[in-house]
Amino acid sequence: MCSAKTAAVIALAVGAMLATRAGDPLESEGSGYLIWSETRLHDAAARALLCLIAGLSPLAMLWLYRLIFCPLELLRALDDVGYIIEDGRSRAQAANDVRRRRKIGELPPVYPNGWYRVVDSHLLERGEVKNVSVLGEQLAVFRGQDGKAYVLDAYCPHLGANLAVGGRVLGSCIECPFHGWQFQGDDGKCVKVPYSEKVPEFANVRCWPCCEVNRQVLVWFHCDGDEPQWAVPEQQEITTGQWVYRGRTEHFINAHIEEIPENAADLAHLAHLHTPGIVSGVDLRYTNSKTWEFLRHDWKAQWEPESKPNKHCSQMLVKHALSVFGCHWPLLDVHVVARQVGPGVVFLLFNHSFLGCGVIMHCVTPVEPLLQCVSHIIFYQSNIPPLVPKFILKAECIQFERDVMIWNNKKYVSKPLLVKEDSAIQKHRRWFSQFYSENSPRLQYQRNTLDF
């Protein structure tokens, strides 16, 4: 992008120089006054216009190329979405004020047992290491020269250097940037101290169980250190390349993790929060504006947990219809199966006779007790124009950001006042409780700011 801008600026500058230097722009009249020749003034203007067009063309072509061919990537910062900014405050100030002042309620444990996404596969090159904040921990996620992904605690047990900040990948090991100690990726054991003849037998860092599936690297967390109790299912179409990567979104949400999947069982909120058309935006103060009443979304949904051996899974079946000026458009009817696997992974499966099929991987990863990183990664049929899945992802993003505005400002209610039609919410809470153990960590304190 920078090179395109540079080329455009150079083209404009050269064009302007040529336009002003072409011919003698001044003529003398008998009166002694210098005036612009009308013909040459027109020529200069025409040349300047041509140069302007020539300079802007690379930018326009680049924009068009990105629109048609490149994946859509919308990465929201911590304070980008879900806060009302008033009285000249910054977005960061508004977010910090909300977090300080709101009541948090009586919370369940903050880190459920399960699989959590830490990084997308295409963002972790061979020999690369990344520092990732997950579950209140700092992790070093790296890909060895063997192509395998490994996850270790980030801090070196020697003197506490962060292995992911300046550390090097050597084979299937990571080297500490401070003194060069090397740790194996598959078990965390120290295999080399460059200035010592002997490596202490007890020298190691914690190694996290991890897997790489559906083009994502995930880690397993269990408060008691138990081994993984289920596997994240493989989506064959992603593995075989029938469905290709078309984009991702990322949001940070100031809420307890359980609030987010609970939306699947809160069927009543669909008709109220998500009925206004996506053109009405994400600010809930304006989504019901009469200006946009001509476009409405209609939803029918149901949520059910699965039985053994997949009791860690649940399904939400969604039927979506679109009406414009009161007229139903059947071509845009979409049926979605949202299958949740554990507390942190959801498969949103699309299958449309005209628009094709694909999946949005919806992943929720706790960063801190009340801070969740939520990503949506879309994989779609390779023979469908990229604009289709990019539009689907953008529409999903708009609807999701309406929920973000609710989550960022709400209180968790442990004993909610429910009506008969809300029965699925209580059912969902009973289902979700299986991911907590007696020793699951609970919130001990709350920070005053998010330091945005």
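Tutor: Start with accessibility: buried means under 20% relative accessible area, exposed over 50%, and partly exposed in between, with a 1.4 Å probe and protein chains only. The model is predicted, so local features need pLDDT of at least 70 and side-chain atom pairs count only at pLDDT 80 or more, while totals for chains, interfaces and linings use all residues. Residues are numbered from 1 along each chain as its sequence is written, and side-chain values use heavy atoms, with hydrogens and water left out.

Student: What makes Asp97 and Arg89 a salt bridge?

Tutor: The term requires a side-chain nitrogen of Lys or Arg within 4 Å of a carboxyl oxygen of Asp or Glu. Here N and O are 2.7 Å apart, so the pair qualifies. Asp97, at 12% relative accessibility, counts as buried.

Student: How do you know that Arg99 and Glu368 also form a salt bridge?

Tutor: Their closest N and O atoms are 3.9 Å apart, so they are within the 4 Å limit. Arg99 belongs to helix H3 (residues 91–101) and Glu368 to strand S20 (residues 356–368), 269 residues apart. Helices (H or I, at least four residues) and strands (E, at least two) are DSSP runs, numbered from the N terminus. Arg99 is buried, because its relative accessibility is 4%.

Student: What makes Glu304 and Lys427 a tie between separate parts of the chain?

Tutor: Their side chains meet in a salt bridge of 2.9 Å, N to O. Glu304 lies in strand S15 and Lys427 in helix H8 (residues 423–432), so the pair joins parts 123 residues apart in sequence. Glu304 is partly exposed at 39% relative accessibility, and Lys427 is partly exposed at 31%.

Student: How many salt bridges does the whole structure have?

Tutor: The search finds 16. Glu73, Arg248 and Glu250 are linked in a network of them.

Student: Why are S4 and S12 called edge strands?

Tutor: Two strands pair if DSSP finds at least two bridges between them. The open sheet has the order S4-S13-S12, with antiparallel pairing. Strand S4 (114–120) and strand S12 (210–213) each have a single partner strand, so one side of each lacks a neighbour in the sheet. Asp120 has Gln216 in S13 as its bridge partner.
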